[in-house]
Amino acid sequence: MIWRLVIALFLLFMLGPILLVVLFSFGSNALIGFPMGGLTLDWYTKLAQDTGFHSAFWASFIVALATATLATITGTCAALALTKAAPKLVRSALAALSLPVLLPPLVVAIAIVVLFVRGLGLGLGLPVVILGHILVAQPFVILIVMARLARFDQATVDAARDLGATHWQAFRLVTLPQIASALIGAALVSAAISLDDFIIASFTIGGGNTISTFVWGKMRTTLDPSINAIATILLVLTVGLSALALRVSKYKG
Amino acid sequence: MRRAILLLAPSLAVLIGIFAIPVLLLFVVSFWSVKSFRLQPDFSLAAWHRFFTVYGDLTLYTLAVGLAVGLFCTLLGFVFAYAARFKAGRFGDLLLVATLITLFGGYLVKIYAWKSILGADGLLNQALMGIGLTSQPLAFLIYSRGAVIIALVHFLLPFAILPIYASLRNVSETTIEAARDLGASASQVLMRVIVPQCLSGLFSAFAFCFLLAAGDYVTPMLLGGTSGSMLGQFVLLEFSTNFNWPAGSAMSFGLLFVCLLVIGALAAAGSRLMRRGEGAAS
């Protein structure tokens, strides 16, 4: 009985604040506070007409799509290499590849800016954001794909090879169809990570906005009531992608 | 072997090009100097001197916030993971899903939500005035170290739950029942059977939350006010407003080294404690 109360309190703490933002994005009163006023979709229709939001949305879309595609490729390659490797190599490679997630994103973001601006003399922009997002997304891809490969029957690949398939044919015709759901899950998680990231994007984007940096602009400067609606859109996108990824890949921890 | 290296190449290229080289370069920059807003290669300790003298106290405050967040997350994460593993029955998986989907969602939204809850005309103040506990809005709810800690715990808790839950999954009910049958009390089962088996999960949860909390600058910027400021904000300030990249770099690495020292010291103390515990038990 007491545990039910404990669990309820935890869920209230973890999900309550997020649900509040969603709830108030449909309220006619500008700020979060009661009474919330009547139900309305005004803030969403306002956003739909906001050109600043449009360009932020498309920038986020491009970055998330590119990150999902590229991080899934680099991460899957690494996972394939590591499943057959010696345990010692696996541990050190995984530790090294996860390092970018363990450091504060601020440090990673600043380091990338220093390299591109001072080290290479290049400008910033969406390609740099994408590279930064691949860096933080690929360790998660590796984890998800390795978890799938651990339950994978290697004999099917060996059989294909014995029957004369090349490495590539065996991968494309035997391995890939079996691990496809894990790859889709990993790509969705990568997209969620990309959409949710604010710190790396805000440093490396140079000019313009992603949805995250657009939300930040509203959070900092004005008491713009449409912020609840943008926050809700961002939340629905990231949480929705994560939930979808869980369903598709059947990943459990 | 050659195929393995080839397959590892893309991810390692990203790791080296976008992480290892930039981080090394950033470290080198901490020894450079700045003359009239121009960065010059140099071997100067000015930036490090600035870190220790100007930002020493702030670093300690930042560590204190990080430690508090790390401890709260580990403790709450353990209670939640314990509930999901042993007490929730068929809802256990559902609780884990609730944790996983908030993992990669809504970093900014969560901070913004706390601003709306704790603000002067926020929900909490409205509620407190509504039930007559206070006639004036309580100003200290927001723009304080407490607000920063609450928001960071909220954001990082899922990251603490997952490693703890993963290690609790390996604790079998049989050993717990065996301990109970042999007359162990509930607290003895907890402290001498369950906790020792999930120490590594507890430790990684703490280390991760501590590091990320100490390195955050967005949360204190929005919720910290002046009393809750943290070092990350000043890294940003030195970096973007003052164009003092060496100072920003020295502060980043200084904080990182201090954090790693804290984690290392805790790991050493923990393993010594464990060995003593084993000695006493045998």
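In the predicted model described here, the axes of helix 5 (residues 105-119) of chain A and helix 1 (residues 2-29) of chain B come within 8 Å and cross at roughly 80°, where axes are lines fitted to C-alpha atoms, for helices over the stretch in contact, and angles run from 0 to 180 degrees between N-to-C directions. That angle makes helix 5 of chain A roughly perpendicular to helix 1 of chain B, given that angles of 65 to 115 degrees count as roughly perpendicular, those under 35 as roughly parallel, those over 145 as roughly antiparallel and the rest as oblique. Helices (H or I, at least four residues) and strands (E, at least two) are DSSP runs, numbered from the N terminus. On the side of helix 5 of chain A, the residues that meet helix 1 of chain B are Val108(A), Ile110(A), Ala111(A), Ile112(A), Val114(A), Leu115(A) and Gly119(A), and their partners in helix 1 of chain B include Ile18(B), Phe19(B), Pro22(B), Leu26(B) and Val29(B). The residues of this contact of helix 5 of chain A with helix 1 of chain B divide into 14 nonpolar, one polar and no charged, with Ala, Val, Leu, Ile, Met, Phe, Trp, Tyr, Cys and Pro counted as nonpolar, Asp, Glu, Lys and Arg as charged, and the others, Gly among them, as polar.

Because the model is predicted, local features need pLDDT of at least 70 and side-chain atom pairs count only at pLDDT 80 or more, while totals for chains, interfaces and linings use all residues. Residues are numbered from 1 along each chain as its sequence is written, and chains are lettered from A and ligands numbered from 1 in the order in which they are written.

Between the two chains, 65 residues of chain B are in contact with 66 residues of chain A, two residues being in contact if their C-beta atoms, placed from the backbone, lie within 7 Å. Helix 1 of chain B gives the most to the side of chain B that touches chain A, with 15 residues. By class, that side of chain B comprises 49 nonpolar, 12 polar and four charged residues.

The contact is made by Val239(A), Ser242(A), Ala243(A) and Leu246(A) of helix 11 of chain A and by Val97(B), Leu100(B) and Ile101(B) of helix 4 of chain B, a set with six nonpolar, one polar and no charged residues. The buried residues of helix 4 of chain B are Leu95(B), Leu96(B), Thr99(B), Leu100(B) and Ile101(B), a residue being buried if 20 or more other C-beta atoms lie within 10 Å of its own, exposed if 12 or fewer, and partly exposed in between, with C-beta atoms placed from the backbone. Asp93(B) and Glu173(B) are 80 residues apart in sequence, and their C-alpha atoms lie 17 Å apart in space.

Within chain A, the axes of helix 6 (residues 126-150) and helix 8 (residues 167-196) come within 9 Å and cross at roughly 155°, so that helix 6 of chain A and helix 8 of chain A are roughly antiparallel to each other. Residues of helix 6 of chain A that take part include His133(A), Phe140(A), Ile144(A) and Arg148(A), and among those they meet in helix 8 of chain A are Ile179(A), Leu183(A), Gly185(A) and Val189(A). This contact has 13 nonpolar, four polar and one charged residues.

The secondary structure of chain A comes to 11 helices and zero strands, whereas chain B has 13 helices and two strands. Buried residues make up 46% of the 253 residues in chain A, and of the 282 residues of chain B, 44% count as buried. The C-alpha atoms of chain A fill a box of roughly 70 × 60 × 35 Å, taken along the principal axes, and those of chain B fill a box of roughly 75 × 70 × 40 Å.
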